[in-house]
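Trainee: I would like to learn to read a model feature by feature. Where do we begin?
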Amino acid sequence: MSGLLIDNISMRFDLPNGGSVQALKNVTLDIKSGELLSVLGPSGCGKTTLLNIVAGFLAPTEGQVVVNDHAVKGPGPERGMVFQQGALFEWMTVRENVSFGPDMKKMPRQDSMKIVDRLLEVVGLQDFKDKAVYELSGGMQQRVALARCLANEPDVILMDEPLGALDALTREKMQSLVLDLWKETGKTIILITHSVEEALLLGERLLVMAPRPGRIHKEYRLPFAEMGVGADLRAVKKHPDYAKTREEILAMIWEMEEEIMGRTEESA
Amino acid sequence: MTGLILLAVYIAIFAVSMVIVAWATKRFFTRADFTSLKTVTFGDESAVKANRAASVISVLAIFALWVAFTNSSLPLFKAKGPFEGIVEFTYTSTLPDGRSDDATVSILVYPEDVQLTEDANGAPGKIPNKPDVDLGEGFAKNDTLVIPRYGSKLISVFQNDEFKKSDGAIVTHLNGQALTPGEQIILSEGRLALTEKGTPFFEPSTGFRMARLYLPAPEVTTNRFLQLNREGYRNFTLLEHTWASLQRVLLGFIFGALVGIPLGYAMGLTNWARGWFDPIVEFMRPVPPLALIPLMIIWFGIGETSKVILLFLAALWIMAIAARSGVSGVAIAKVHAAYSLGAKKSQILRKVIIPNSLPEIFTGARVAMGVCWGTVVAAELVAAEKGLGMMIMVAAKFQLTDIVIVGIILIGVIGFAIDIGIRKLEGWLVPWKGKV
Ligand SMILES: Nc1ncnc2c1ncn2[C@@H]1O[C@H](COP(=O)(O)OP(=O)(O)OP(=O)(O)O)[C@@H](O)[C@H]1O
Ligand SMILES: [Mg+2]
């Protein structure tokens with residue numbers, strides 16, 4: 001595996017009124033295999049756009065994404081995606097959802113069932129195999145989404161605010177789960193979040209993006225993800241560096257948000 | 001008049017039964033389920049559940065009103081009925097020379113539907129004979145006649161008298177009361193009047209019940225239903241009529257769905273199909289199927305083909321639009337997720353698009369079935385050999401209101417049953433509907 005290269009990507013959306021939005025400008029990023037990258041930034045700075053380009057749902061106006069030495073032309077099973085919510089198939093049971101990827105590959109049933117059973121155990125849903133997904137709570141549904149993504153054995157897992165809709169407690173449990181899965185599977189993970197704490201805890205490498213045009217503003221290398229594996233996340237949060245970095249990033253994002261507000265007021 | 005009374009009684013039953021049931025529920029049932037513990041129900045749609053007691057009372061009320069306002073023989077509450085029996089009154093004939101004489105008119109008012117009823121031996125009833133009276137004394141002679149209920153008659157009192165109208169005789173009094181032409185007396189048995197031309201006129205009181213021609217009593221309708229079941233109508237049994245209509249609807253609907261659903265999918269999935277069919281679908285959608293009946297008859301004649309094609313067209317656009325909106329209703333995240341999991345286009349269609357569009361398709365199917373059912377009846381009204389619509393139409397021409405009502409009830413019941421059937425199927429095939 002040779003990781004993922006985001007090579008000088010720019011993205012411009014043409015608007016129906018004739019104008020255009022520069023959602024991303026000259027973003028370059030080299031992500032090593034097995035890296036856990038979290039992306040943070042004010043709303044509208046192009047995080048989702050970036051992830052959609054990596055996933056292959058959008059083609060950039062300039063630049064390219066290279067995964068395993070192949071340029072990305074569209075979505076593919078080597079790049080798994082976990083959405084914020086609503087991406088499970090409600091017409092399928094939990095088991096059918098998780099085995100969706102293997103089924104698409106026409107994997108023999110007993111093999112796919114083995115994968116499903118193992119992953120549902122990992123995410124702690126072995127007792128809910130035959131339940132319908134709409135009978136599960138939001139946190140359980142996200143665990144199913146995670147298991148579904150893992151069942152397809154992607155090299156890279158892309159997550160767009162996967163825990164955004166969960167309550168604080170469930171969210172913290174899920175954060176531990178993501179960390180453990182990362183360590184256990186060694187997958188490359190790109191995780192977009194709105195929460196600075198989450199970005200700190202789940203980012204070996206943390207990227208702060210700035211808006212208008214969307215670009216990389218600052219990059220951090222952080223020890224907290226490594227510390228959090230198999231450990232109590234609240235203990236990690238007590239680390240002196242944690243609070244310091246958090247305040248620094250918060251101040252940075254705060255400033256950017258202020259700037260956006262100021263600009264919109266000017267233009268209004 | 002009767003209509004207004006009916007409405008007033010109906011509203012009264014609605015209100016009174018609501019109060020009584022509310023009181024009884026409070027008195028005899030303890031509040032247990034979650035919904036009943038909600039304090040905010042007005043405005044919370046999920047807290048509004050059909051009160052089954054109200055449904056039962058509603059149906060019973062309609063039945064009771066049906067009995068009360070028709071000439072039913074069921075021993076339930078009845079509104080005041082039409083006069084029936086013998087009424088007698090006198091008239092006074094006065095001659096130009098001042099002589100005058102009284103005579104009696106005897107009128108037998110008989111049930112207007114007597115020929116439609118059977119006596120104990122199964123023989124049809126006959127219009128009764130005029131009551132026997134002797135002619136009496138004087139130059140004015142006693143008269144006798146029969147009038148059906150809800151009817152009325154000009155009474156030519158002079159025809160057996162010694163002095164006729166041409167002799168200058170005029171009627172000056174009715175029942176001893178002086179009347180000039182145009183005036184009237186209200187008796188408990190009916191209305192007695194002198195026309196502008198001076199002829200006595202009698203109209204028996206109708207009460208508040210409806211004549212059989214307008215609304216047959218429940219038992220009359222039931223008997224007719226049983227009889228139709230046994231003997232059929234116009235060469236076909238009731239079941240054959242019903243099946244004829246149902247078969248047309250099913251055929252039209254199935255063809256409409258078979259063509260319309262793929263059409264809708266194509267419109268939801270490709271630019272070319274969307275562009276190609278959009279004008280056609282949008283043009284045909286507002287055209288009511290009924291407006292196509294004449295064209296279908298011109299093109300395909302009055303046989304089965306034209307009816308099935310009509311229903312096919314009625315269902316086609318509805319199903320196409322339902323399938324199209326089913327496709328556009330799919331959350332893009334689901335499609336993206338499926339692609340990321342390695343699904344190909346055909347797999348996306350089978351595993352994501354089609355299941356995701358099922359709720360919309362079922363909604364469309366319910367609408368389409370409703371429209372088809374309504375359209376088939378209308379199409380049969382125009383021309384058909386068999387079918388419920390044809391049965392109603394022909395029966396109406398012969399003023400057989402009971403058959404018309406049997407037909408309407410059957411149409412309603414079957415339409416309702418179809419809808420429930422589709423809903424059951426939907427609950428079974430689309431259990432996730434409304435839960436996400
Ligand atoms: N399909 C589109 N058409 C036009 N403009 C778009 C489109 N998608 C995104 N944009 C614009 O691109 C910019 C970046 O959007 P994006 O959704 O990537 O932001 P984001 O960082 O994910 O925001 P958030 O944190 O709120 O999810 C925004 O200004 C948005 O208005
Ligand atoms: Mg976003």
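**A helix and what covers it**

Mentor: Begin at a helix end. α9(B) is followed by G342(B), whose phi is positive, near 95°. Keep in mind that this is a predicted model.

Trainee: Is helix α9 (residues 332-340) of chain B enclosed or open, and why?

Mentor: Count its buried residues. The cut-off for buried is under 20% relative accessible area. Seven of the nine residues of α9(B) pass, so the helix is largely enclosed by the rest of the structure.

Trainee: Which residues of α9(B) are buried?

Mentor: They are A333(B), K334(B), V335(B), H336(B), A337(B), A338(B) and S340(B). Note that a lysine, K334(B), is in that set.

Trainee: What covers the buried residues of α9(B)?

Mentor: Look at the contacts. The cover includes three elements of chain A: β6 (79-82), α3 (100-104) and α5 (138-151).

Trainee: Now a loop residue. Where does L290(B) lie?

Mentor: L290(B) sits in the loop of chain B between α6 (271-284) and α7 (293-300). Its relative accessibility is 45%, so L290(B) counts as partly exposed.

Trainee: Which residues does L290(B) touch, leaving out those up to four places away in sequence?

Mentor: T375(B) and A378(B). L290(B) and A379(B) are 89 residues apart in sequence, yet their C-alpha atoms are 7.4 Å apart.

Trainee: Next, a sheet. In what order do the four strands of the open sheet in chain A run?

Mentor: Read across the sheet: β2-β1-β4-β5, with antiparallel pairing. The edges are β2 (20-31) and β5 (70-71) of chain A. Each has a single partner strand, so one side of each is left without a neighbour in the sheet.

Trainee: How many bridges join β1 (residues 4-14) of chain A and β2(A)?

Mentor: Eight bridges, in the antiparallel sense. For one residue pair, take F13(A): its bridge partner in β2(A) is V21(A).

Trainee: Let us step back to whole chains. What is the radius of gyration of chain A, and what does a compact globule predict?

Mentor: Set the value beside the rule for the chain length. For 268 residues a compact globule would be near 18 Å; chain A has 19 Å, which agrees. Its C-alpha trace spans about 60 × 45 × 35 Å along the principal axes. Chain A holds ten helices and ten strands.

Trainee: And what does the rule say for chain B?

Mentor: Chain B has twelve helices and nine strands. Its radius of gyration is 32 Å, well over the 22 Å that the rule gives for 436 residues, so chain B is more spread out than a compact globule. Its trace spans about 115 × 65 × 45 Å along the principal axes.

Trainee: What percentage of the residues in chain A is buried?

Mentor: For chain A, 51% of the 268 residues. For chain B, 41% of the 436 residues.

Trainee: How much accessible surface does chain A have, and what share belongs to carbon and sulfur atoms?

Mentor: Chain A has about 12200 Å², with 49% on carbon and sulfur atoms. Chain B has about 24200 Å², with 66% on those atoms.

Trainee: Last, charge. How far apart do the centres of the positive and negative side chains lie in chain B?

Mentor: They lie 19 Å apart, for 40 positive and 35 negative side chains. In chain A, with 31 positive and 39 negative, the two centres lie 2 Å apart.

Conventions:
Residues are numbered from 1 along each chain as its sequence is written. Chains are lettered from A and ligands numbered from 1 in the order in which they are written. This is a predicted model: local features need pLDDT of at least 70, side-chain atom pairs count only at pLDDT 80 or more; totals for chains, interfaces and linings use all residues. Side-chain values use heavy atoms; hydrogens and water are left out. Helices (H or I, at least four residues) and strands (E, at least two) are DSSP runs, numbered from the N terminus. The radius of gyration is taken over C-alpha atoms; the globule rule is 2.2 Å times the number of residues to the power 0.38. Buried means under 20% relative accessible area, exposed over 50%, partly exposed in between (1.4 Å probe, protein chains only). Accessible areas come from the Shrake-Rupley method with a 1.4 Å probe; for residues, only the protein chains shown count as cover. Lys and Arg count as positive and Asp and Glu as negative; His and the chain ends are not counted. The place of a charge is taken as NZ of Lys, CZ of Arg, CG of Asp or CD of Glu. Contact means heavy atoms within 4.5 Å. Two strands pair if DSSP finds at least two bridges between them.
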